[in-house]
2 protein chains.
Amino acid sequence: MKINWSTLTVPTVLVNRTRAKRNIANMKARAEGAEVQLRPHFKTHQSHIIGKWFGEPETTPIAVSSLSMALYFADHRWQDIHLAIPLNPREIPALSSLASRAQLTLTIEHEDALTVLDSLAHSVGVRVEVDTGYGRTGMHWQQHARIRKLLDALQAHSKVTDIGLMVHSGHSYQERGEAGIRVVHQESSHRLKELLDMMKWQGEPLVVSVGDTPTCSRMNHFPGATEIRPGNYVFYDLQQKLIGSCDWNDIALAVACPVIARYPEREEVVVHGGAVHFSKDAANLDGQLSFGQIMQSNADGWGGPVGGGYVKGLSQEHGKIHLPKTMIRDLKLGDLLVIVPAHSCLTMAAMGDFVVFD
Amino acid sequence: MKINWSTLTVPTVLVNRTRAKRNIANMKARAEGAEVQLRPHFKTHQSHIIGKWFGEPETTPIAVSSLSMALYFADHRWQDIHLAIPLNPREIPALSSLASRAQLTLTIEHEDALTVLDSLAHSVGVRVEVDTGYGRTGMHWQQHARIRKLLDALQAHSKVTDIGLMVHSGHSYQERGEAGIRVVHQESSHRLKELLDMMKWQGEPLVVSVGDTPTCSRMNHFPGATEIRPGNYVFYDLQQKLIGSCDWNDIALAVACPVIARYPEREEVVVHGGAVHFSKDAANLDGQLSFGQIMQSNADGWGGPVGGGYVKGLSQEHGKIHLPKTMIRDLKLGDLLVIVPAHSCLTMAAMGDFVVFD
């Protein structure tokens with residue numbers, strides 16, 4: 001499939017299927033090499049069309065981060081779904097109903113969730129979230145006894161089938177380069193290993209699920225883990241490029257935005273394409289916040305990055321772009337700029353729709 | 001109408017209709033006092049239900065910032081619609097079609113747009129955007145001769161009915177307090193006046209549309225303007241409170257988010273409610289970025305702000321909240337926190353749906 005540029009009138013997500021499928025295949029090979037199960041996180045694309053690029057729904061285990069995503073993918077035939085965000089007690093009736101038609105795994109991070117699980121009418125798997133340094137959610141990795149006790153209680157719980165641990169080392173996003181990613185990965189793996197050693201677990205086998213796109217893209221071994229759970233790698237984005245998770249030619253998603261104003265004297269153009277399209281996540285580009293990178297566009301999609309071309313500001317519908325004067329001189333009103341967003345997950349969540357090309 | 005808290009299971013926008021209607025009435029009175037037409041910007045709510053609180057669709061002139069919003073409101077009986085973003089030539093066929101069934105006003109900021117207007121099959125109004133200091137879009141206010149020449153060409157254009165100027169002083173958002181807002185307003189008004197004086201316009205009467213929520217909320221006179229075009233004032237938000245556009249009890253929109261994790265030792269809780277719900281606009285709270293303010297909740301809605309309670313971080317679905325330890329001790333999993341977002345326009349654009357109460 002080719003992009004029909006003339007039909008694009010508004011900010012439009014472009015997905016390079018060839019690259020996305022290559023990213024999917026590469027991660028699959030990496031998981032096989034590391035002898036862990038791959039459970040791709042589908043929050044990145046939230047699309048049953050793209051979801052099927054990962055394999056048959058019935059045989060592809062997935063992670064999602066909201067009940068609504070879980071329901072969406074269950075409606076599209078996915079069967080093994082891990083809701084990888086701490087349990088919201090208000091959703092118990094809907095979760096219970098979903099558990100009657102899918103193999104549902106929930107996430108908890110506190111003993112208080114045990115009584116909440118009592119209200120389920122159908123059985124679920126449960127992962128205990130462990131915080132190995134990110135500092136967002138999860139039980140502190142040094143709480144060996146507390147985590148062990150919670151696993152014991154889960155193993156004895158009548159509504160719980162399989163159990164395990166879940167880790168998300170989101171602080172890898174603060175790193176730059178493979179060496180930095182390795183530091184986070186090694187620290188997190190070491191802490192997980194310490195927890196597993198100290199717990200002296202003798203019960204049923206634990207699923208140990210780890211994963212974030214930087215470490216899963218660059219590391220080859222996941223000590224202590226039985227499963228990895230990256231999501232963003234299907235597309236990558238500017239943040240991942242700057243972290244060092246990917247190269248420019250791995251990035252499979254960009255947004256085409258029409259030029260609506262040009263200011264060569266300011267080295268700026270403005271496009272239709274704002275916070276409602278890109279969200280407002282930024283990447284730090286040598287001290288300058290960048291909401292996206294302008295790419296060399298061509299008939300088949302896009303090539304490398306345009307030097308000095310980046311999104312310097314976003315308001316609701318406007319995107320303010322820094323561009324070299326020489327390039328602005330050739331731009332007409334209505335020309336399309338192709339922009340790799342800072343964060344492809346939030347861009348897809350904001351825009352929903354997309355155009356696929358090869 | 002009352003909020004039925006027990007039915008809220010996911011992050012939910014709450015709209016206080018009493019306050020919103022009071023904000024609408026106050027701005028109407030302010031426009032009448034200043035003898036300017038009020039054209040509310042509907043990008044803030046994007047809802048025909050809330051839109052009708054401003055008056056009958058057929059007699060309420062509005063501004064929007066995308067063709068899709070213009071189509072939506074035209075489908076819901078609004079007739080006088082200003083698309084207040086520079087013309088995107090790719091949308092000409094759809095704009096032309098819309099102009100056949102609504103009184104459509106377009107925005108341009110360059111002579112190149114004149115030939116684009118030739119392709120319209122139906123007539124439109126046109127506003128020339130003038131930049132009086134914000135630095136986003138518009139012709140520089142000192143380009144008197146150029147702007148005059150463009151207005152001349154528009155007046156002679158067969159597809160153009162009424163003409164005018166449009167200004168948006170978005171840099172008022174950088175101010176703190178009424179004195180700061182006044183500085184931006186006076187500078188912008190002075191520059192607009194200078195342009196009008198220097199142009200020596202003798203043609204048909206110009207519509208001169210200005211407006212941003214801070215100046216429209218706090219200033220009483222709009223020299224040179226015939227129309228104001230604020231949007232955010234229907235709800236206000238944390239940014240507007242910090243700018244000084246409103247008081248806490250003017251804020252008519254908040255988001256109820258379920259607590260999914262508690263860390264009293266870190267003075268933090270985590271809610272379901274992330275970047276996909278709030279977008280990622282932030283307010284600067286004494287040097288600390290805040291994506292939202294935690295409010296005292298009560299059976300009828302919310303009261304004042306919780307001291308030390310703010311949203312310190314957002315990932316896709318998680319919101320990390322700073323809260324005093326004493327308050328965390330009383331919170332159970334699944335309790336709802338009521339959060340005034342940094343930017344209500346982006347929150348409404350992200351969430352779409354809402355619950356109304358009085």
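Chain B can be superposed on chain A with an RMSD of 0.0 Å by a turn of 180° and a shift of 0.0 Å along the axis, the superposition being by least squares on the C-alpha atoms of residues with pLDDT of at least 70 in both copies. The two copies are thus related as by a two-fold rotation axis. In chain B, the C-alpha nearest this axis belongs to B:Lys280, at 2.5 Å from it. The model is a predicted one, in which local features need pLDDT of at least 70 and side-chain atom pairs count only at pLDDT 80 or more, while totals for chains, interfaces and linings use all residues. Residues are numbered from 1 along each chain as its sequence is written, and chains are lettered from A and ligands numbered from 1 in the order in which they are written.

The contact between the chains takes 38 residues from chain B and 39 residues from chain A, two residues being in contact if their C-beta atoms, placed from the backbone, lie within 7 Å. On the side of chain B that touches chain A, the elements giving two or more residues include strand S4 (80-86), helix H5 (112-118), strand S11 (253-263) and helix H12 (344-351) of chain B; helices (H or I, at least four residues) and strands (E, at least two) are DSSP runs, numbered from the N terminus. By class, this side of chain B has 16 nonpolar, twelve polar and ten charged residues, where Ala, Val, Leu, Ile, Met, Phe, Trp, Tyr, Cys and Pro count as nonpolar, Asp, Glu, Lys and Arg as charged, and the others, Gly among them, as polar. Because 100% of the interface residues of chain B are also interface residues in chain A, the copies meet through the same surface.

Chain A has twelve helices and 19 strands. Its radius of gyration is 22 Å, close to the 21 Å that the globule rule gives for 358 residues, so chain A is as compact as a globular protein of that length; the radius is taken over C-alpha atoms, and the rule is 2.2 Å times the number of residues to the power 0.38. Of the 358 residues of chain A, 55% count as buried, a residue being buried if 20 or more other C-beta atoms lie within 10 Å of its own, exposed if 12 or fewer, and partly exposed in between, with C-beta atoms placed from the backbone.

An automatic or database domain assignment divides chain A into domain 1 (5-11 + 247-357) and domain 2 (41-230). The centres of these domains, taken over C-alpha atoms, are separated by 34 Å. Four residues of domain 1 of chain A are in contact with four residues of domain 2 of chain A.

Individual residues were then considered. B:Ser172 is placed in the loop between strand S8 (160-167) and helix H7 (178-199) of chain B, and counts as buried with 27 C-beta neighbours inside 10 Å. Beyond its neighbours within four places in sequence, the contacts of B:Ser172 include B:Ile181, B:Pro214 and B:Asp212. The C-alpha atoms of B:Ser172 and B:Asp212 are 7.7 Å apart, although 40 residues separate them along the chain.

Most residues other than glycine have a negative phi. For A:Arg77, by contrast, phi is near 85°, a positive value. A:Arg77 lies in the loop between helix H3 (67-75) and strand S4 (80-86) of chain A, and counts as partly exposed with 14 C-beta neighbours inside 10 Å.
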